[in-house]
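Reader: I am new to this structure. Please take one part and walk me through it closely, then show me what else is worth a look.

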Amino acid sequence: MSRKLWLPYAQMATAPALLSVANAQGVYLELADGRRLIDSISSWWSVIHGYAHPVINQAAKEQIDQFAHVMMCGLGNDPAEALAEALVRITPDPLQHVFFSDSGSTGVEVAMKMAVQYWFNQDQPKTRFMAFRGAYHGDTTACMSVGDPDEGMHSRFRGLAPQQIFAPMPPECGDCDLNCGHLAEVEALLAQHAHELAAVIIEPLVQCAGGFKMHSPAFLQRLRELTERYQTLLIFDEVATGFGRTGTMFALDQAGVCPDLLVLGKGLTCGYSAHAATLASRTVYAGFEGTDGGRAFMHGPTFMGNALACRIALAGLSLFADEGRLTEVGRIENQLTRSLSDFQVEGVVGTRVKGAIGVIEVDDPARLQGAQAYAMERGVWLRPFDRVLYTMPPYIITPPQMERVVHTMRGWCETEQFKRAVGAGAAVT
Ligand SMILES: *Cc1c(COP(=O)(O)O)cnc(C)c1O
């Protein structure tokens, strides 16, 4: 079968047909065939306020009737100005400048280019990055280069993506006293490569696409100290963890750490449109100022500061205050913790909860084959990957809806299919 629509990460010869969505409201996806599913993963973690939220819809409609987009060169628009101000207001004080772009990956690329040009402008050329094993920072070339080197992206694109430096995955120990030797290894790498490192990049607290591995705020504090000691910049990629997902507005709030560059995406535009923001500290920004045009940051995507996207983002931000979003995330965290913390069956190697992220990790990806179909029969949209069955629901999910999701996740792990699946081998992607 030859197909016109080419799908992501999919072997097109065997990929099943997509389930056509006819409508979506709140936490529900309504399929063209009439089925209704709770979206327990917020459409790749972006639809944080649920589908068709009246406040966001209203803002988007008003903006469309005025204008959707103007170029951000010579021409300005109020939503972009207001969003930049709002983002500066809700992030730590050193972050004072906002550069918009069109996706999480471009936001990360922008941060990486800013880091490289920052050092270039100081006549200290440094062009490499340190990242962590297990990391995922997006699919474009520079982003791939800082993603886990054992993931398929690296081997297939060797020669295109630059070779970076990888530290071991951040330690999972809850209260990392950091005697585990891990930090010493990070420090040794920093010492060895300080002369060439533009920045260290990390997804703070939870490596989401890396399998939902979680590390302590203390680890981030120590990493901040180390990057200062070895004079390299620190980039936090909060494309997934930002906007309440880990329980605070940003993961960095829990560590009390401010990076030099912060990347936001996904929840920024609530699943309505593609946009991202890269926030820079005063120091980084100052590294580009001057009378010499050549010091200016060399980047400018067509759709940066898109008025419609920025208006949507502003409406989404207003809901954190007006509808008490972080309180809801706290409620979700409690409920997930109650339902998952004592869950033990053979084949489950662990459960983890952080904010509105709930994870069941199993010993073999084969165990999760069939989980998606099982969940669909129970009215839940889940998408297990590799060895994890997880939920990252819209924050408006009600306790009974959340219960249905967790009950379904646990239920799958108690089926005969789950129990018998060991060793079947094939990875679920
Ligand atoms: C999704 C994601 C990206 C990439 O964002 P896109 O919008 O898909 O380009 C980058 N970093 C993290 C941590 C992500 O979760």
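Author: Helices here are DSSP runs of H or I with at least four residues, strands are runs of E with at least two, and both are numbered from the N terminus. The model is a predicted one.

Take the second largest pocket. Its volume is about 1400 Å³. Its lining counts 33 residues. Which of them lie nearest its centre? They are Pro16, Leu18, Gln372, Trp381 and Arg383.

Now the elements around the pocket. Two strands each supply at least two lining residues: strand 2 (28-31) and strand 3 (36-39). Which element gives the most? Helix 13 does, with four residues.

What is the lining of the second largest pocket made of, by class? It has 24 nonpolar residues, seven polar ones and two charged ones.

Next, the packing of helices. Two packed helices are described by the angle between their axes and by the distance between those axes.

Start with helix 7 (residues 182-193) and helix 8 (residues 217-229). They pack at about 20°, and their axes are 11 Å apart. An angle under 35 degrees counts as roughly parallel, so helix 7 and helix 8 are roughly parallel to each other. Their crossing is right-handed. On the helix 7 side, the contact is made by His182, Leu183, Val186, Glu187 and Leu190. Helix 8 brings Phe219, Arg222, Leu223, Leu226 and Arg229. By class, this contact of helix 7 with helix 8 has six nonpolar residues, one polar and three charged.

Now turn to helix 12 (residues 325-340) and helix 14 (residues 399-412). Here the angle is about 30°, with the axes 10 Å apart. The crossing of helix 12 and helix 14 is right-handed. From helix 12 come Arg331, Ile332, Gln335, Leu336, Ser339 and Leu340. They meet Pro399, Met402, Glu403, Val406 and Arg410 of helix 14. By class, that contact holds six nonpolar, two polar and three charged residues.

Finally, a single residue. Ala84 sits in helix 3 (residues 78-90). What does Ala84 contact, leaving aside its neighbours within four places in sequence? Val98 and Phe100. Phe320 is 236 residues away from Ala84 along the chain, and the C-alpha atoms of the two are separated by 17 Å.

Conventions
Residues are numbered from 1 along each chain as its sequence is written. This is a predicted model: local features need pLDDT of at least 70, side-chain atom pairs count only at pLDDT 80 or more; totals for chains, interfaces and linings use all residues. Side-chain values use heavy atoms; hydrogens and water are left out. On a 1 Å grid over the protein atoms alone, a cavity is a set of points where a 1.4 Å probe fits but cannot get out, and a pocket is an open set with protein on both sides within 12 Å along at least five of seven lines; lining residues have an atom within 4 Å of a point. Grid points are joined across faces, edges and corners, and a volume is the space filled by probe spheres set on the points. Ala, Val, Leu, Ile, Met, Phe, Trp, Tyr, Cys and Pro count as nonpolar, Asp, Glu, Lys and Arg as charged, and the others, Gly among them, as polar. Axes are lines fitted to C-alpha atoms, for helices over the stretch in contact, and angles run from 0 to 180 degrees between N-to-C directions. Angles under 35 degrees count as roughly parallel, over 145 as roughly antiparallel, 65 to 115 as roughly perpendicular and the rest as oblique. A crossing is left-handed if the near helix is turned anticlockwise from the far one by less than a right angle, and right-handed if clockwise. Contact means heavy atoms within 4.5 Å.
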